[in-house]
Amino acid sequence: MTQHDLIIVGAGTSGMAAAIAAGEAGARVALLDAAPEWGGTLHVASGWLSGAGTAIQRAHGIDDTPAAHLDDLMRISKGTIDPVLAGKAVQLMPGAVDWLMERGFALAPECPLYGFNHEPYTERRYYVGTDWARSILAVLDAQLRPLVDAGRVDFRPGHRVTALLREGSRVVGVRVSHADGESELTAAHTIIASGGYNANPELFERISGRTLYADDAYRRSQGDGHLMVQAVGGRLRGAENFWSSFGAVLDGYDYPSATLCRPEHRPEVRDPWEITVNRRGERFVAEDEPSVDARESALLAQPEQIRHIVFDEAILRDAPPLIPGWTADDIRARCGQHPMFHSAATIDELAAKIDVPADSLRDTIAAYNENLDGEDPLGRIVRPRPIAQAAYHAITVHATSVTSAAGIAVDEQLRVLDGDGEPIEGLYAMGESLGSGMLQGQAFCGGMLATPALAFGMALGRELAPAS
Ligand SMILES: Cc1cc2nc3c(=O)[nH]c(=O)nc-3n(C[C@H](O)[C@H](O)[C@H](O)COP(=O)(O)OP(=O)(O)OC[C@H]3O[C@@H](n4cnc5c(N)ncnc54)[C@H](O)[C@@H]3O)c2cc1C
């Protein structure tokens, strides 16, 4: 057995940040990852960051504060974030963004922004790298590599932690499975930084009660940390904060499926010409609803969170591209060939192909067409033309979720809590293992996963190093 000061389970966003901070502070760190390389979700994520009161903002003359950020999070999440953890996060996040910048982060020149793809903030506090999340990984990589080379961080790729070791009520280390068999490591502190469970369809369904439609997650996001913590008496929370997007076109119905493309649904980018209907063949939201959160909320309430974009041949021919980069012929070519693209000579035939009640779809389209000059019952303003000219087309879209809502219950010091709400000695958790529901609540709040993962990682790494 090997003795370390600190064991970090997972060398992703938060684990790398913690290892750097602890290693620089002089701790003997064991950084374990099931994958053959470090980086975790940074290999697949977009990597949008947020933080209020950053040096970037000051350079742009923006006067912003963590308190204003917290107010915005409360507004966007409709009051469903955890105020304690989110309050801690917004205090630490500007420091994490500054740290990245000081160490060479390649900031995209258009930043800071109010928002992108999610409900915008009231201030410009949103940042991304020129190479998306890989820009974050490049900085972490450059900081961590010398610490590993110098023997200050003991990085072990291909080491999957399978259990937490206990002495009495205290967690004292981990059991690890690797190519040479099994071994045990002990340390004064163990941090769970193993990410979410969105690559584990069974666990996803068990926790959220929903089907995992898309396989967008990092493949090692298996929920191992969640399960190991439960095995030593910890508990999960936040499943009620499940959230999903306005959707993507998947490759097929063999869930979880790869994403084929994303139709443009942002009215600020493209006016909708089509209608969108649920599995009952009914419209359920104004297709030009300006709030992304309102669109997402509406779809979340629909059966199976599936919608169909319905249009006719004239719209296909004349409207601006519905799918960025695709021509009308690209869509026509898939109709009848791809399970998510449908064409038919009549509305009834289209309804049969997308498996919605024909009378309902007929009524929906008739009501939409008859009322183009009147007040739309859902409040839609933009209605360029009726849906009236065969062929009729539909594209099936699934709401997708790339994050894990439920996570490990911790206190403000990130100490894992047991069923009675008492800290389990020696055990901490951070990053997405805390659940996206704590910091985003029932919404997608820009940058509220990657940035807290970095910020909590740095803070905890520094704090648990014996020198501090
Ligand atoms: C497609 C996509 C886009 C996203 N875009 C954004 C965005 O724009 N902004 C934002 O804020 N967030 C975004 N996120 C979420 C964000 O990137 C993640 O929440 C965050 O990076 C997670 O960091 P982490 O350290 O908790 O986990 P990860 O970075 O996932 O790291 C966990 C590590 O633990 C390892 N591991 C797992 N189990 C074990 C085990 N048993 N033993 C050892 N190692 C193990 C894994 O291999 C992995 O390396 C996105 C996520 C996805 C999937």
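Helices are DSSP runs of H or I with at least four residues, numbered from the N terminus. The legends below describe a predicted model.

**View 1. Helix 7 and the glycine after it.** Helix 7 spans residues 224–231, and its buried residues include Asp-224, Gly-225, His-226, Met-228 and Val-229. Gly-233 follows helix 7 and has a positive phi, near 100°.

**View 2. The shell around the ligand.** The ligand is surrounded by 35 residues, of which Thr-13, Asp-33, Thr-41, Glu-432 and Ala-450 are the closest. By class, the shell holds 16 nonpolar, 13 polar and six charged residues. Helix 1 (13–24) and strand 6 (160–167) each contribute at least two residues to the shell.

View 3. Oxygen atoms of the ligand lie 2.5 Å from a polar side-chain atom of Thr-41 and 2.5 Å from a side-chain N or O atom of Glu-432. The protein buries 95% of the 1000 Å² that the ligand exposes when taken alone.

**View 4. Cis peptide bonds.** Tyr-255 and Pro-256 are joined by a cis peptide bond with omega near -10°; Pro-256 sits in the loop between strand 10 (249–250) and strand 11 (259–261). The bond between Ala-390 and Ala-391 is also cis, with omega about 5°. Ala-391 belongs to the loop between helix 12 (358–370) and strand 15 (392–398).

**View 5. Positive phi at Asn-117 and Glu-304.** Asn-117, not a glycine, has a positive phi near 75° and lies between helix 4 (83–102) and strand 4 (126–127), in a loop. Glu-304 has a positive phi of about 60°; its loop runs between helix 8 (292–300) and strand 13 (306–312).

How values were computed. Residues are numbered from 1 along each chain as its sequence is written. This is a predicted model: local features need pLDDT of at least 70, side-chain atom pairs count only at pLDDT 80 or more; totals for chains, interfaces and linings use all residues. Side-chain values use heavy atoms; hydrogens and water are left out. A residue is near a molecule or strand if one of its heavy atoms lies within 4 Å of it. A polar contact is a pair of N or O atoms within 3.5 Å; within protein, one must be able to donate a hydrogen and the other to accept it, and residues adjacent in sequence count only if both atoms are side-chain atoms. Accessible areas come from the Shrake-Rupley method with a 1.4 Å probe; for residues, only the protein chains shown count as cover. Ala, Val, Leu, Ile, Met, Phe, Trp, Tyr, Cys and Pro count as nonpolar, Asp, Glu, Lys and Arg as charged, and the others, Gly among them, as polar. Buried means under 20% relative accessible area, exposed over 50%, partly exposed in between (1.4 Å probe, protein chains only).
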